[in-house]
Amino acid sequence: MSITQSDVAYTAVATAENGRDGRVATNDGQLDIVVNPPKELGGSGAGTNPEQLFAAGYSACFQGALSVAARNENVDVTGSTVTAEVGIGKNDEGFGIIVKITASIPTVDAAVAKDLVEKAHQICPYSKATRGNISVELNVA
């Protein structure tokens, strides 16, 4: 379900200069970084790249959603981590991305972990935004 502008509690604002080979900064100055294409895509690899930034955001958001799912189920997920791997490659329309999410939840057994990851995937705004648009693989470590 979509939200409307009146539902928005916070808006992040970032501006890029020179696309994938330049600089990205947020309006509040909290993020100001050089971006370069990775060597695998013919770039220098000297800076970060949009896929790394997406992976960072997705993993942080998913970890938050995992915590919400755990609270809803009265499960302790202390010490858990979420890793997002974002792959980029050519497709019929230019380029596309795929995502692999791996959650490590050492405080629970595999069945509970899998259930929590599935529930987090339903809660996470990044998962909602990408659902039906890209392949997202869920794993439990």
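This is a predicted model: local features need pLDDT of at least 70, side-chain atom pairs count only at pLDDT 80 or more; totals for chains, interfaces and linings use all residues.
The buried residues of α1 are Glu-51, Ala-55, Gly-57, Tyr-58, Ser-59, Cys-61, Phe-62, Ala-65, Leu-66, Ala-69 and Ala-70. The 23 residues of α1 should span 33 Å at 1.5 Å a residue, and the distance of 33 Å between its end C-alpha atoms agrees with that.

At the N-terminal end, α1 is capped by Asn-49, which places a side-chain oxygen 3.0 Å from the backbone nitrogen of Glu-51. After the helix comes Asn-74, a residue with a positive phi, near 55°.

## Ser-59 within α1

Ser-59 belongs to helix α1, and because its relative accessibility is 16%, under the 20% cut-off, Ser-59 counts as buried. When neighbours within four places in sequence are left aside, the residues in contact with Ser-59 are Val-82, Thr-83 and Ala-84.

Helix α2 takes in residues 110–123, which makes 14 residues, and the 20 Å from its first C-alpha to its last is close to the 20 Å expected at 1.5 Å a residue. Its buried residues are Ala-113, Leu-116, Val-117, Ala-120 and His-121. These residues lie on the same side of α2, because the arc they cover around the axis is only 140°. On the other side of α2, by contrast, Ala-111 and Lys-114 are exposed.

The buried residues of α2 pack against α1 (50–72), β5 (94–104), α3 (125–130) and β6 (135–140). At the start of the helix, Asp-109 contributes a side-chain oxygen that comes to within 3.2 Å of the backbone nitrogen of Ala-111.

## How α1 and α2 meet

Two packed helices are described by the angle between their axes and by the distance between those axes. For α1 and α2, the packing angle is about 115°, and the axes are 8 Å apart; the crossing in which α1 passes α2 is right-handed.

On the α1 side, the contact is made by Tyr-58, Phe-62, Ala-65, Leu-66, Val-68, Ala-69, Ala-70 and Asn-72, while α2 contributes Leu-116, Val-117, Lys-119, Ala-120, His-121 and Ile-123. Among these contact residues of α1, Tyr-58, Phe-62, Ala-65, Leu-66, Ala-69 and Ala-70 are buried, and among those of α2, Leu-116, Val-117, Ala-120 and His-121 are buried.

Note on methods: Residues are numbered from 1 along each chain as its sequence is written. Side-chain values use heavy atoms; hydrogens and water are left out. Helices (H or I, at least four residues) and strands (E, at least two) are DSSP runs, numbered from the N terminus. The expected span of a helix is 1.5 Å times one less than its number of residues. Buried means under 20% relative accessible area, exposed over 50%, partly exposed in between (1.4 Å probe, protein chains only). The arc is that of the directions from the helix axis to the C-beta atoms. Contact means heavy atoms within 4.5 Å. A polar contact is a pair of N or O atoms within 3.5 Å; within protein, one must be able to donate a hydrogen and the other to accept it, and residues adjacent in sequence count only if both atoms are side-chain atoms. Axes are lines fitted to C-alpha atoms, for helices over the stretch in contact, and angles run from 0 to 180 degrees between N-to-C directions. A crossing is left-handed if the near helix is turned anticlockwise from the far one by less than a right angle, and right-handed if clockwise.
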